[in-house]
Amino acid sequence: MFKGRKIKNSFLFYFALTSILLYTTTNMALPEYISIFEDSAYHIGPQGGDVAVIENSVEPLRDNIKIDVVSGTDVLPEQAGTYEAKYTVFGIPVKTVSLNVVPDKMLIPCGNISGIVVNTDGVLVIGTGKVKNEDGQEISPSDGILKSGDTVTAINGNKISSKEQFENAVANSEGAVMTFTVLRDGKEQNEKVKPVMSENNGGYKIGCWIRDDTQGLGTLTFIDPENNTFGALGHGIYDVDTSTLMNASEGIITSSKVTGVVKGQKGVPGEVSGTLDKSHVFGEILSNANAGIYGRITDMSICPSADVQPVEIALSKDVHTGKAYVRSDISGKTEDYEIEIESINRLDTSSDRSMTVRITDEKLLNMAGGIIQGFSGSPILQDGKLVGALTHVFVNNPQKGYGIFIDNMLAQSKNIE
């Protein structure tokens, strides 16, 4: 009797130990994030497990069926989108893997430094301050109510889209309490502020600093020749004062003229200086996301005819360390400059710091000192394929910087197709 109980307890102990080891090793072996092409089978996890694919976007994957496998966990996605693959062993949840399904397509790697103008959907609150009222007292009407990073989309139920509309609404308030509809941390809410008459100019004020648009230079990463959609920058446009991703309603890609290059030095980022020509619009910006800006090209002359040859794309799993090239027209013509991909990060699903790169091309180093402001979005090519784009520079070493995988950019560009 005792011997049988001992054998049973030993079996349970070893079963539990084996389960724990299998759970741990499987969890460590499975990636956090997998990119695959449409209609391309992919094997997730070791044999003996099951995977259930769950919709995580507007499009379903194979009707959300659970995939029971005999010799592994194979999935065959039929529609681009973002999904969750839940891997289980003996019915025990082990890990949820983010599955990024992208279309297998040819893209035009551009490298054009262009003018970028983005208008916000509403106005962005930069900060609040004090107003000296008619009695000479300093009052802060908006303090603690409107906050830095808020986007004001409406006042008293009326939509606003410009700084001028905001200021006129406050000036015409006659001191009555105003209701501000704000977007804060992704949620819409109403806040009430009572304006005060300003001693300085006799108008009503609420002590709030705002911004309604931004503009500058950035690099066009790719154009999809099938539908003329584009991706640029490789990272979102954030407000310089609040570090908030700007809630863009619309924008344009314009012609630009590079007038100078400030070389990057240790501790001092370099930059491309130039002018925007808003009379020559190449495309419309439709989305500002954390992996770049996206829209539609209306004038293909933005890419010279010699540079509009589409190339294959490489998924993040196929990018490797070693020699690659970055494309830019910083010299006045589009050229490819040699770089080295030194390390790769495949863990973060939305990272704009997917890989670390180093500029090795002497011509580009002599011209710019390395990676400089205005290079964000410069396409990275490896083995003849488009693999990503430059995004950030190391401030203390301008020869080095970060890049984003092209599949991370494509995952967000699908929203504007």
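Author: Start with V395, which sits in the loop between β27 and β28 (397-405). The labels follow DSSP runs numbered from the N terminus, a helix being a run of H or I with at least four residues and a strand a run of E with at least two. This is a predicted model, in which local features need pLDDT of at least 70 and side-chain atom pairs count only at pLDDT 80 or more, while totals for chains, interfaces and linings use all residues. Residues are numbered from 1 along each chain as its sequence is written, and side-chain values use heavy atoms, with hydrogens and water left out.

V395 has a relative accessibility of 40% and therefore counts as partly exposed. (Buried means under 20% relative accessible area, exposed means over 50%, and partly exposed lies in between, with a 1.4 Å probe and protein chains only.) V395 is 128 residues from G267 in sequence, yet their C-alpha atoms are 5.1 Å apart in space. Once neighbours within four places in sequence are set aside, the contacts of V395 (heavy atoms within 4.5 Å) are Q265, K266, G267, V268 and P269. Across the chain, 68% of the contacts with a separation of 6 or more join residues 24 or more positions apart.

For a contrast, take T254, part of strand β19 (residues 248-262). Its relative accessible area is 0%, which means that T254 is buried.

N228 lies in the loop between β17 and β18 (229-232), and its phi is near 65°, a positive value in a residue other than glycine. D383 belongs to the loop between β26 (379-382) and β27, with a phi near 55°, positive again although the residue is not glycine. Most residues other than glycine have a negative phi. N228 is partly exposed because its relative accessibility is 26%, whereas D383, at 59%, is exposed.

Now the whole chain. It has four helices and 28 strands, and buried residues make up 47% of its 417 residues. Helix α4 (residues 406-413) is largely enclosed by the rest of the structure, because eight of its eight residues are buried. The buried residues of α4 are I406, D407, N408, M409, L410, A411, Q412 and S413.

Some buried residues form nonpolar cores, which are sets of buried Ala, Val, Leu, Ile, Met, Phe, Trp, Tyr and Cys residues joined through side-chain atoms within 4.5 Å. The largest core has 23 residues, of which M355, V357, L364, F375 and I380 touch the most other members. Elements that each supply at least two residues of this core are β23 (322-328), β24 (335-344), β25 (355-359), α3 (362-368) and β27. Leaving out residues up to four places away in sequence, the residues that M355 touches include I341, I344, I380, V387 and F405. A second, separate core has 19 residues, among them A232, M246, I253 and C303.

Last come the pockets. On a 1 Å grid over the protein atoms alone, a pocket is an open set of points where a 1.4 Å probe fits, with protein on both sides within 12 Å along at least five of seven lines; lining residues have an atom within 4 Å of a point. Points are joined across faces, edges and corners, and the volume is the space filled by probe spheres set on them.

The largest pocket holds about 930 Å³. It is lined by 31 residues, with L217, H235, Y238, Q373 and S376 the closest to its centre. β17 (208-224), β20 (271-289) and β27 (385-394) each give at least two residues to this lining, and β17 gives the most, six. By class the lining has 15 nonpolar, twelve polar and four charged residues. (Ala, Val, Leu, Ile, Met, Phe, Trp, Tyr, Cys and Pro count as nonpolar, Asp, Glu, Lys and Arg as charged, and the others, Gly among them, as polar.)

The second largest pocket has a volume of about 370 Å³. Of its 19 lining residues, Y204, K205, I206, G207 and C208 are the closest to the centre. β9 (131-132), α2 (163-171), β16 (204-205) and β17 each contribute at least two residues to that lining. The largest share, five residues, is from α2. Its classes are nine nonpolar, five polar and five charged residues.
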